[in-house]
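This report examines how a single chain is arranged. It begins with the nonpolar core and then turns to the helices and to selected residues.

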Amino acid sequence: MASSMVAVGLALAAAGFAGRYAMQAMRQLEPQMKQALQSFPKTAFGGGYYRGGFDPKMSKREASLVLGVSPTANRIKIQEAHRRLMILNHPDRGGSPYIAAKINEAKDFLDAKTKK
């Protein structure tokens, strides 16, 4: 009984010392960790999304941002992007009717620009 109590005491002491060592090591590595996290590109952590609302009138820039294509994309790329987004955002499948309307407006706008 006494030997098991000693073993438990030694295990707790070892865990305490290991925790103390880990905390001291983390304190020394903190500046290096901050620098490493800041060196990551912003898009890796969600910074690549367009922050802002919709313009009152659709522009070529906004239409390409909505569909996620280049402003000079060809008709096939526009149709593929439109299809992919409508599968995800269709109102019949729980998507927003407003977002679906904006996706359709962007496709129509870019299609009209590629015809000319």
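## Nonpolar core

The largest nonpolar core has 13 residues, and those touching the most other members are Ala63, Leu67, Val69, Ile78, Ile103, Ala106 and Leu110. Helix H2 (60-67), helix H3 (75-89) and helix H4 (97-115) each contribute at least two residues to this core. A nonpolar core here is a set of buried Ala, Val, Leu, Ile, Met, Phe, Trp, Tyr and Cys residues joined through side-chain atoms within 4.5 Å. Buried means under 20% relative accessible area, exposed over 50%, and partly exposed in between (1.4 Å probe, protein chains only). In soluble globular proteins, nonpolar side chains tend to be buried together.

Not counting residues up to four places away in sequence, Ala63 touches Met58, Ala106, Phe109 and Leu110; contact means heavy atoms within 4.5 Å.

## Basis of the model

The model is predicted; local features need pLDDT of at least 70, side-chain atom pairs count only at pLDDT 80 or more, and totals for chains, interfaces and linings use all residues. Residues are numbered from 1 along each chain as its sequence is written, and side-chain values use heavy atoms, with hydrogens and water left out.

## Overall organisation

The chain contains four helices and zero strands, in the order α-α-α-α from the N terminus. Helices (H or I, at least four residues) and strands (E, at least two) are DSSP runs, numbered from the N terminus.

Of the 116 residues in the chain, 17% are buried. The chain exposes about 9,300 Å², of which carbon and sulfur atoms supply 61%; these areas come from the Shrake-Rupley method with a 1.4 Å probe, and for residues only the protein chains shown count as cover. Among contacts between residues at least 6 apart in sequence, 51% join residues at least 24 apart.

In H2, the buried residues are Glu62, Ala63, Ser64 and Leu67. Just after H2, Gly68 adopts a positive phi of about 75°.

The 15 residues of H3 should span 21 Å at 1.5 Å a residue, and this agrees with the 21 Å between its end C-alpha atoms. The expected span is 1.5 Å times one less than the number of residues. Ile78, Ala81, His82, Leu85 and Met86 are the buried residues of H3. They lie on the same side of H3 because they cover an arc of only 130° around the axis, the arc being that of the directions from the helix axis to the C-beta atoms. Ile76, Arg83, Ile87 and Leu88 are exposed on the other side of H3.

Rings of Phe, Tyr and Trp (its six-membered ring) pair if their centres lie within 6.5 Å; planes under 30 degrees apart count as stacked, over 60 as edge-to-face and the rest as tilted. One aromatic pair is counted by this rule. The ring centres of Phe54 and Tyr98 are 5.7 Å apart and their planes are at 70°, so the pair is edge-to-face. This pair links distant parts of the chain, with Phe54 in the loop between helix H1 (2-39) and H2, and Tyr98 in helix H4, 44 residues apart. Phe54 is partly exposed, at 33% relative accessible area.

Lys102 is located in helix H4 and is buried, with a relative accessible area of 8%. Leaving aside neighbours within four places in sequence, Lys102 contacts Phe54, Asp55, Met58 and Val66. Asp108, also in helix H4, is partly exposed at 48% relative accessibility. The C-alpha atoms of Asp108 and Gln79 are separated by 10.0 Å, with the two residues 29 residues apart along the chain.
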